[in-house]
Amino acid sequence: NPVNPIVYDAGDDPDGDNLSTFEEYGLTWNNGGVLTTIDTNPCLADTDSDGLNDDIEHLSDYAGQSCNFFTKQCTSYLGGTSPEVADMDGDGLLDGQEDHNKNGIWDGPVGGSSGEPNPLMADTDGDLLLDGEEDKNGDGIIGPGESDPVKVDSDGDKVNDQREVTVFFTDPILFDTDGDGLGDGIELGWDGDSPSSNTNPLVADTDGDGLTDGEEDVNKNGRWDLEAGETNPKDADTDDDGLSDGVESGAAVDVDPSTTTDPLVADTDGDGLLDGEEDENRNGQVDSTETDPLNSDTDEGGSTDGEEVLSDLTDPLDLNDDYASDWDEDGINRGIELGIGTDPVNPDTDDDGILDGVEYNSDFSGEVCNFFTKECTQYTGGSDPTLADTDGDGLTDGQEDADLDGIWDVVKISDRVAE
């Protein structure tokens, strides 16, 4: 109701703000430490509609200090808010939205609590975001898309709110924006490590290998620690073997996660072939046409997969062609037999009664002297596994080497002597 001009009502309080009509005409407030006189509306308890009644504002005292996070320069503020100015600091929040409990005093951060933004400070926490940019709906509750106007780092990830909002586009109230197990500060190099090793705080799997950055940086220190057994979250194939770290570790991209190779060892089974050379289609599964990167001799033929592929040029999936195999059990492998001309599937190629392996390793060295002339001849070496009668004396090598051991025993007739 308007004030009646013909009725003495100076002592009345028509708006119920605890100020008489007389007091509202010529009300003083603390303007930066200087008392300033203004006229408020005696018919409106809150003349500027900012959420604070006139009696609260004219006695208010929001003195305090705000420090720039980057420059560390601090500004001191004195006085209260004007009952005629709804947003005293011009930060986009009404004075009453900043003074949450409407007591005319700045209740700043206390202990671990957030506290109130200050209606005299456009940027209470000094993070270079206006308080109204942080508490966008002015409800005093930090919700989605907002940050805390009283905390430089609302989520505690060691990255300033302003940088999160305007530079990195991370969420200032989410410690780990991409949910990969690493805090935004760790990924950006703001927390404990150099930015030179940073990962992307907006992408859970920076290198796209099927492992989240946090799964790769096991100790969560923002640095690739090879000695700690970590894969590199910035390198999809840490050991450069042709298989991604995710496939080797059995991540979702692995068709057969029950079989895993070592993402830090290029040749897990040590057969001379890289894991990626063995898993040709890179699917993490041993297919019928592939060698097994966990088995150095896939066909169990005796030769390693690498020997078969790189030197012997045999089939690593066919055990019968392995050079290292000794299928006829004669004491020498297939590779040697092919080299000397013996039959790798016949233990006694020349059918002289002595195994090929015994003849290959035989030594019938010795000296034979002519009984009449007394002239002696020195013989060295062994018998030929491809010739039944090495010395051509009419007796097979097996007949001369009676115990078939490949050694000339003095009591025997040497298979290298014709007489």
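Author: One term to start: buried means under 20% relative accessible area, exposed means over 50%, and partly exposed is in between (1.4 Å probe, protein chains only). With that, arginine 282 is partly exposed, at a relative accessible area of 39%.

Reader: What should I know about the model itself?
Author: This is a predicted model, where local features need pLDDT of at least 70, side-chain atom pairs count only at pLDDT 80 or more, and totals for chains, interfaces and linings use all residues. Residues are numbered from 1 along each chain as its sequence is written, and side-chain values use heavy atoms, with hydrogens and water left out.

Reader: What is the average pLDDT?
Author: The protein averages 91, on a scale of the predictor's confidence in each residue from 0 to 100. A score of at least 70 is reached by 94% of the residues.

Reader: Back to arginine 282. What is its phi?
Author: Arginine 282 has a positive phi of about 60°, although it is not a glycine. Most residues other than glycine have a negative phi.

Reader: Where is arginine 282?
Author: Arginine 282 sits in the loop between α9 and α10 (305-312). Helices are DSSP runs (H or I, at least four residues), strands are too (E, at least two), and both are numbered from the N terminus.

Reader: And glutamate 329, where is that, and is it buried or exposed?
Author: Glutamate 329 is in the loop between α10 and α11. It is exposed, with a relative accessible area of 65%. Its phi is positive too, near 55°.

Reader: Which helix has the lowest mean pLDDT?
Author: Helix α11 (residues 334-340), at 89. Helix α9 (residues 275-278) has the highest, 98.

Reader: How many helices and strands are there?
Author: The protein has 13 helices and 6 strands.

Reader: New topic. What is the radius of gyration?
Author: The protein has 46 Å, while a compact globule of 419 residues would be near 22 Å. The radius is taken over C-alpha atoms, and the globule rule is 2.2 Å times the number of residues to the power 0.38. The C-alpha trace spans about 165 × 40 × 25 Å along its principal axes.

Reader: How much is buried?
Author: Buried residues make up 41% of the 419.

Reader: Which residues form the largest nonpolar core?
Author: Leu52, Tyr62, Trp106, Leu120 and Met121. Such a core is a set of buried Ala, Val, Leu, Ile, Met, Phe, Trp, Tyr and Cys residues joined through side-chain atoms within 4.5 Å.
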